[in-house]
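Here's a quick tour of a protein–ligand model, from confidence scores to the ligand site and then the sheets. Have a look at the structure first.

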Amino acid sequence: DPKLTAARMALEEVLKRQPKILGVGSGTTVHKFIDELSRSEFTGKVVSTSFDTTLRLKEKGFEVVDLMSVNRIDVSVDGADEVSTEPLSLIKGGGAALLREKVVAELSSFRIYIVDPSKVVEKPCDRGVPIPIEVVPVSLSAVTKNLERLGVKWSVRTGSGKLGPVITDNGNLVLDLECNRAWELLEEIKSLNGVAAVGVFERDLIDLVIVSDGRKYGKDTM
Ligand code: DER
């Protein structure tokens, strides 16, 4: 199971660094990491990036510390929807947890991402996944009007089990943007009034990407 393999490789890195506070991302690869972490000798505190991760950590008996109450995080582990290598960057937000994931990454000293080989491409957008953005509901019309002005195709993310749009853990909406045009306009999109987060993590938020086939990108491991 490549997700389990990547999770175990990340756990090894984490235990080497003996973090007092560990940031835990979201998604199915991170689910495997949480399972492995719960069976390890890790004794630190954890901060979460989603209700899903919080409930899973709580279920495993971890003390989940409120993200707002920490000033810094030692190490974080998260997944990604696309890893491009030229330049090294991530597309995240497939699980609609992008805002808190980016907060954790910005507070963390060492950020580890775990992916299976299907996520790794050479150029941004090669994988064909959209770029998610988190939008404050009241600003939806203004944001979509601006996206159309910029020539960016968008769609409101709808989920299963609920009619209408996905609502994030922060009470916001998610728009999925066609990747190529959005990639060219990342700074403009980030600056639109009502856009709370953009699901692209660039080099400054990446320390180590671990692929389950053994490839590693970013800073050398310790
Ligand atoms: O939303 C995210 O960025 C998550 O990390 C997630 O999309 C990762 O995907 P996975 O479920 O394949 O690990």
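Confidence first: the protein has an average pLDDT of 97, and 99% of the residues score at least 70. (pLDDT is the predictor's confidence in each residue, on a scale from 0 to 100.) Among the elements, strand β9 (residues 131-135) gets the highest mean pLDDT, 99, while strand β15 (residues 216-218) gets the lowest, 96. For the complex, the predictor reports an ipTM of 0.97 and a pTM of 0.97.

Some ground rules. This is a predicted model, so local features need pLDDT of at least 70 and side-chain atom pairs count only at pLDDT 80 or more, whereas totals for chains, interfaces and linings use all residues. Residues are numbered from 1 along each chain as its sequence is written, and side-chain values use heavy atoms, with hydrogens and water left out.

On to the ligand. There are 15 residues around it, and Thr 28, Thr 29, Asp 81, Gly 95 and Lys 119 come nearest; a residue is near if one of its heavy atoms lies within 4 Å. That shell splits into one nonpolar, eight polar and six charged residues. In this scheme Ala, Val, Leu, Ile, Met, Phe, Trp, Tyr, Cys and Pro are nonpolar, Asp, Glu, Lys and Arg are charged, and the others, Gly among them, are polar.

| Residue | Protein atom | Distance to a ligand oxygen |
|---|---|---|
| Thr 28 | side-chain N or O | 2.7 Å |
| Gly 93 | backbone N or O | 2.9 Å |
| Asp 78 | polar side-chain atom | 3.3 Å |

On its own the ligand has 360 Å² of accessible area, and the protein covers 91% of that (Shrake-Rupley method, 1.4 Å probe).

Now the sheets. Strands are DSSP runs of E with at least two residues, numbered from the N terminus, and two strands pair if DSSP finds at least two bridges between them.

Strand β5 (residues 82-85) runs parallel to β8, joined by two bridges; Ser 84 has Val 121 in β8 as its bridge partner.

Another open sheet of four strands goes β10-β11-β9-β12, with antiparallel pairing. Its edges are β10 (154-156) and β12 (195-198). Three bridges link β9 and β12, and Val 135 is partnered by Val 195 in β12.

Definitions and conventions. Polar contact = N/O pair within 3.5 Å; in protein donor to acceptor, adjacent residues only side chain to side chain.
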